Amino acid sequence: MNTIKIFDTTLRDGEQSPGASMTMEQKYEIANQLARLGVDVIEAGFPISSPHQFDACKYIAERVKGPVIAALARSVPADIQAAGESIKPAERKRIHTFIATSPIHMEYKLKSTPEQVIERAIAGVKLARNYTDDVEFSPEDGTRSELPFLCRILEAVIDAGATTLNIPDTVGYSEPHEFGAFIKGIMNGVPNIDKAIVSVHCHNDLGLALANTIEGIKNGARQAEVTVNGIGERAGNAALEELVMALSVRNDVLPFTTNIDAKQIYNTSRLLANIISMPVSRNKPIVGENAFSHESGIHQDGMLKNRETYEIMTPQSVGREMSQIVLGRHSGLHGVKNRLTELGLSLGDDELKRAYETFLKVADKKKEVFDEDLITIANGVLGIPTASFTLDYFNIISGNMSVPTATVRIKTDEEMFEEAATGDGPVDAIFKAIDRITGLTTILKRYDVRAVTSGKQAMGDSSVSLEINGDIYKGKGSSTDILEASAKAYVNAINRYKILSRNKETKNE
Ligand code: KIV
Ligand code: ZN
């Protein structure tokens, strides 16, 4: 009774987010990952809305094993038939049918009376039962509906065969106490409620989706509709990863479990973000870049003494690597000293003091001081020269009838190097030309490019991860030209390799 079913609607409500459209293959890849993650239900799409939606639901229903495969349908016969047909091949299938029940939706959108809405809801559920015994009903705009009317319609659809009743806060208007009381009102006001599972589906327009979902659960809901990374209509839906970890970390006050394998959370989040090219914000709970990073001196000091001073869960518990101590202008001497020691650089008290002074100057100019910056600072204090590469010039010949060719010139303080190479595309040609200059054997593990400002002169950010001699080196570059940003990111990763590997050698000597 205390297991909460996770109904994932990333492929349906999530895909309705502007810019989140996916191809059939991409949806299939996500659905497989959701199965690995352990969701109970995958809402694969809204089949009547387009042939692509129909085909994608069918494709997933044919191939993805484990979770129940659901398809959405309005309380309209053609919708329900399309939903039923599309998920026919699934081992376990659900039709999710909905109709709006709030006065504003019934009057302006449906132009129907409450009695007509009840009739359509009953007919929709009965028709859906011809395709499957697993039928979910949602009163759209549920939280702005009148509770007595809502209870009437819910009672009627249970009698008609609905097995799950989903209460959507469609426009994200509810406040947590109110939503909890609303769910309680339904639990107490629908006489045959014990024949169905109550579900909640909360939108995040006021940033309350997770809080509302939790209140719904506390008041009797046993299914939660969520999306990976919280994507969805407008401000999105409650985020799967946040709900699962809230129930896990605060199990003392929220005694509920899910069937989710939390170690799959980070992979799932990254897969989705990459596929839809929608990176999560750095401070996004659980999956954001900063979620397990610590910059301030006080926090770093606490973390170094006992991780639990500033972390309520481990990054490993959600499938991430270890926590990060990020060095920046808020970092203290303790954090800097600790990182230098980890890098194999032991400085005397006076050298450390000078290194820290330089560190603070660098940190004032740069947002983050990376390991290679720290090594350069330490080398400066110790009087050891560090030669790094700078991109001086590049030229590309590319077109739909020619082999992409790049000429790249790179300089150090003392020397200039130039090489040319062909590649599968202009970026590949640039990377190959740089490899010729450095003579290194590299494996490109990740390459991302994204616009960070808008308009024709948009700044592009590129990031690369290179495997060199078995280790991963990351690099970043920015420019209004994405090829230049990519070249800079690649050179930045090579510089990191040069500095870090040289430091490793000296450390091992
Ligand atoms: O937000 C909503 O009301 C919906 C329904 C279709 C459940 O997405
Ligand atoms: Zn929704």
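1. Just after helix 10, Ser-277 takes a positive phi of about 50°, where helices (H or I, at least four residues) and strands (E, at least two) are DSSP runs numbered from the N terminus. This is a predicted model, in which local features need pLDDT of at least 70 and side-chain atom pairs count only at pLDDT 80 or more, while totals for chains, interfaces and linings use all residues. Residues are numbered from 1 along each chain as its sequence is written, chains are lettered from A and ligands numbered from 1 in the order in which they are written, and side-chain values use heavy atoms, with hydrogens and water left out.

2. Helix 10 covers residues 265–275, and its buried residues (under 20% relative accessible area, 1.4 Å probe, protein chains only) are Ile-265, Tyr-266, Thr-268, Ser-269, Leu-272, Ala-273 and Ile-275. These buried residues pack against helix 1 (24–37) and helix 9 (240–249), with contact taken as heavy atoms within 4.5 Å.

3. Turning to the ligand, the residues that surround ligand 1 (a heavy atom within 4 Å) include Ser-138, Glu-140, Asn-166 and His-201. By class, the shell divides into 2 nonpolar, 6 polar and 3 charged residues, with Asp, Glu, Lys and Arg counted as charged.

4. An oxygen atom of ligand 1 is 3.0 Å from a side-chain N or O atom of Arg-12, and the side chain of His-203 likewise has an N or O atom 3.0 Å from an oxygen atom of the ligand; a polar contact is a pair of N or O atoms within 3.5 Å. Taken alone, ligand 1 exposes 260 Å², of which the protein buries 94%, by the Shrake-Rupley method with a 1.4 Å probe.

Key: Polar contact = N/O pair within 3.5 Å; in protein donor to acceptor, adjacent residues only side chain to side chain. Buried < 20%, exposed > 50% of the residue type's maximum accessible area, 1.4 Å probe, protein only.
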